[in-house]
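Please view the sequence and structure below before reading on.

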Amino acid sequence: MLQQTPVVRVVPRWEEWMRRWPEPADLADAPTAEVLRCWDRLGYPRRALRLQECARALVREHGGRVPHGEEALRALPGVGEYTAAAVTAFAHRRRAVVVDTNIRRVLARAVRGRALPDRSYSAAERSLATRTLPAEEARSVAWNQAVMELGALVCTARSPDCAQCPLAAAGCAWVAAGRPAAEEDTRRRQAFEGTDRQLRGQIMALLRRDGEAGEAALLTLDATDAPRVHRCVQSLLADGLAVRGREGEGLRLP
């Protein structure tokens, strides 16, 4: 839920989610339509489907319990490198290289002397994080938590508070270098307004509200571009986020 979504938006959804489905078996048995409704507008609703698939795998393969070990975790649907490491470190209290945006930024500044980390997570960053993480298990867990919080609250992207940072006087390479500016990012960013992603979200919002939408209702979402509507409908069908309506037309939640 927290992937690319602010905490303030996630908390009420998470609390409702855990009230309704406190155990993997509860989520595994839940109607998929209700899962998508509860996910609401957290973004990338395919993650809700992967989470339910994960719950079903936990019930089927692990007796309804979350397995220990990054290899076992990564074998679950929708679980990647970061999630497996985070669960291992924060839930199971074992050593794991957890690298989120905040940890990447702290390491980029404190060790590499750069204002910001690489644009995408690189092998060099992974190697640096692995070398930096304390070897002793309890310290490694505390280190992950501390550095993540340091990046979130002090060593922020736009307004780092170096006067309050414990690393500033202890050898931060970025501060020692005079806090050089970040390299200019010349990549073009796609606007959200008018994109297929926006229209997919509008279709999902309609389905969450009404449960089903006919062809006419779908076309009103972009009355000037019917092929675009049909393209987005097909993509939602392909992703398993919607199925054809009861009469074989329109859409409904699965």
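## The largest cavity

The largest cavity in this predicted model has a volume of about 90 Å³. Its lining is made of 14 residues, and those closest to the centre are Cys155, Cys162, Cys165, Cys172 and Val175.

Two elements each give two or more residues to this lining: helix 7, which spans 101-110, and helix 11, which spans 173-176. Helix 7 supplies the largest share, three residues. By class, the lining of the largest cavity holds twelve nonpolar residues and two charged ones, with no polar residues.

## The second largest cavity

The second largest cavity contains about 40 Å³ of space. The residues that line this cavity are Arg104, Leu107, Ala108, Arg112, Pro117, Glu125 and Leu128.

Helix 7 and helix 8 (123-132) are the elements that give two or more residues to the lining of the second largest cavity. Here helix 7 gives the most, with three residues. Four of the lining residues are nonpolar and three are charged, while none is polar.

## Both cavities together

How many cavities of 30 Å³ or more does the model have? The count comes to two.

Terms used:
Residues are numbered from 1 along each chain as its sequence is written. This is a predicted model: local features need pLDDT of at least 70, side-chain atom pairs count only at pLDDT 80 or more; totals for chains, interfaces and linings use all residues. Side-chain values use heavy atoms; hydrogens and water are left out. On a 1 Å grid over the protein atoms alone, a cavity is a set of points where a 1.4 Å probe fits but cannot get out, and a pocket is an open set with protein on both sides within 12 Å along at least five of seven lines; lining residues have an atom within 4 Å of a point. Grid points are joined across faces, edges and corners, and a volume is the space filled by probe spheres set on the points. Helices (H or I, at least four residues) and strands (E, at least two) are DSSP runs, numbered from the N terminus. Ala, Val, Leu, Ile, Met, Phe, Trp, Tyr, Cys and Pro count as nonpolar, Asp, Glu, Lys and Arg as charged, and the others, Gly among them, as polar.
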